[in-house]
Amino acid sequence: MTSYRLTYFDIDGGRAEPIRIAFHAAGLEFEDNRISFAEFGKMRESTRFRCVPVLEIDGGAVTQSNALSRYVGKMAGLYPDDDLQALYCDEVLGALEDVSHFIVRTFGLEGEELRLAREKLVNGWLSIFLRGLSELLARGGGEYFADNRLTVADLKVFCLTRWLCSGTLDHVPTDLVQRLAPDLVEHQQRIQSDPRVIAYYATRS
Ligand SMILES: N[C@@H](CCC(=O)N[C@@H](CS)C(=O)NCC(=O)O)C(=O)O
C-alpha cells in the first residue's frame with residue numbers, strides 16, 4: 001500500500017487544508033504530520049523550495065500545494081475529468097495562490113505599518129480577487145466553481161473566505177467578503193455543509 005505523509009503547519013487551514021480534506025474524502029490513510037513554526041524553522045533548509053506543504057509518497061517528497069490538491073483531488077473524485085472544467089478549476093487554484101502571496105507579504109509587519117499595508121490590501125488586491133472569484137463562481141453556475149459539483153477549487157476558496165471572515169487577520173474587516181461578494185459567503189456555507197467536509201472536521205474535534 002502506498003504511504004502518504006503530509007507535512008504542514010498545525011493549523012486547520014492554509015495551503016494543506018484542501019489536500020487533507022481530499023485525502024479524507026478519498027478514504028486514503030495519510031500521516032497528517034503537523035509541525036510548529038519552530039519545527040519548520042529547523043527543517044526549512046532540508047525542504048526543496050524552503051516551504052511546506054510537502055507530501056512524501058512512499059518516502060519521495062513532492063511539493064506545490066496546487067499540484068498536490070489536484071493529485072489527491074483526482075483520487076477523491078474532487079477534480080473534473082472534462083478538460084474545460086479542469087481548466088476552470090485550475091484558474092481558481094492559481095488565483096488563490098496569487099492572492100495568498102499578497103496576504104503573506106503583510107505578515108511580520110506591526111503597528112501603523114501593518115495597518116496601512118492591510119488597508120491597502122483590503123482596498124486593492126483583496127477587493128480585486130474577491131470580485132474576480134465571484135465572477136468565476138457565477139461562470140460555474142453560482143454554486144460551485146467547476147463541473148457543477150464540489151472540487152478542490154471550492155475547498156481552496158472555502159479555506160480563504162473562512163480565514164478572511166474569521167477576524168484573525170488584523171485590519172481585515174470580518175464583513176469584507178459579505179460586502180464585496182455575498183455569493184462567496186453562501187458558497188462558504190455550502191462547502192462547510194458538504195457531508196465530506198463535515199466528515200473531515202468531525203475527525204478534528
Ligand atoms: N508555491 C508553494 C508555496 C508554499 C509556501 O509558500 N508555503 C508557506 C506556508 S503556507 C511556507 O512554507 N512559507 C515558509 C517560508 O516562506 O519560509 C505551494 O503552493 O506549495
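Residues are numbered from 1 along each chain as its sequence is written. In this predicted model, local features need pLDDT of at least 70, side-chain atom pairs count only at pLDDT 80 or more, and totals for chains, interfaces and linings use all residues, while side-chain values use heavy atoms, with hydrogens and water left out.

Helices (H or I, at least four residues) and strands (E, at least two) are DSSP runs, numbered from the N terminus. Two strands pair if DSSP finds at least two bridges between them. Strands of a sheet pair through backbone hydrogen bonds, either parallel or antiparallel.

Strand 1 (residues 4-9) and strand 2 (residues 31-35) run parallel and are joined by five bridges. Leucine 6 has aspartate 32 of strand 2 as its bridge partner. Threonine 7 is partnered by asparagine 33 in strand 2. Together with helix 1 (residues 17-26), strands 1 and 2 make a right-handed β-α-β unit. Right-handed means that, with the strands pointing away from the viewer, the path from the first strand over the helix to the second runs clockwise.

The residues surrounding the ligand include Tyr8, Phe9, Phe40, Cys51 and Gln64. The side chain of arginine 44 has an N or O atom 2.8 Å from a ligand oxygen. For arginine 15, the corresponding distance is 3.3 Å. A polar side-chain atom of glutamate 97 also lies 3.3 Å from an oxygen atom of the ligand. On its own, the ligand has 510 Å² of accessible area (Shrake-Rupley method, 1.4 Å probe). The protein covers 73% of that area.

Histidine 171 is found in the loop between helix 6 (152-165) and helix 7 (176-180). Its relative accessibility is 37%, so histidine 171 counts as partly exposed (between buried, under 20%, and exposed, over 50%). Histidine 171 and alanine 117 are 54 residues apart in sequence. Their C-alpha atoms are 9.1 Å apart in space.

Note on methods
A residue is near a molecule or strand if one of its heavy atoms lies within 4 Å of it. A polar contact is a pair of N or O atoms within 3.5 Å; within protein, one must be able to donate a hydrogen and the other to accept it, and residues adjacent in sequence count only if both atoms are side-chain atoms. Buried means under 20% relative accessible area, exposed over 50%, partly exposed in between (1.4 Å probe, protein chains only).
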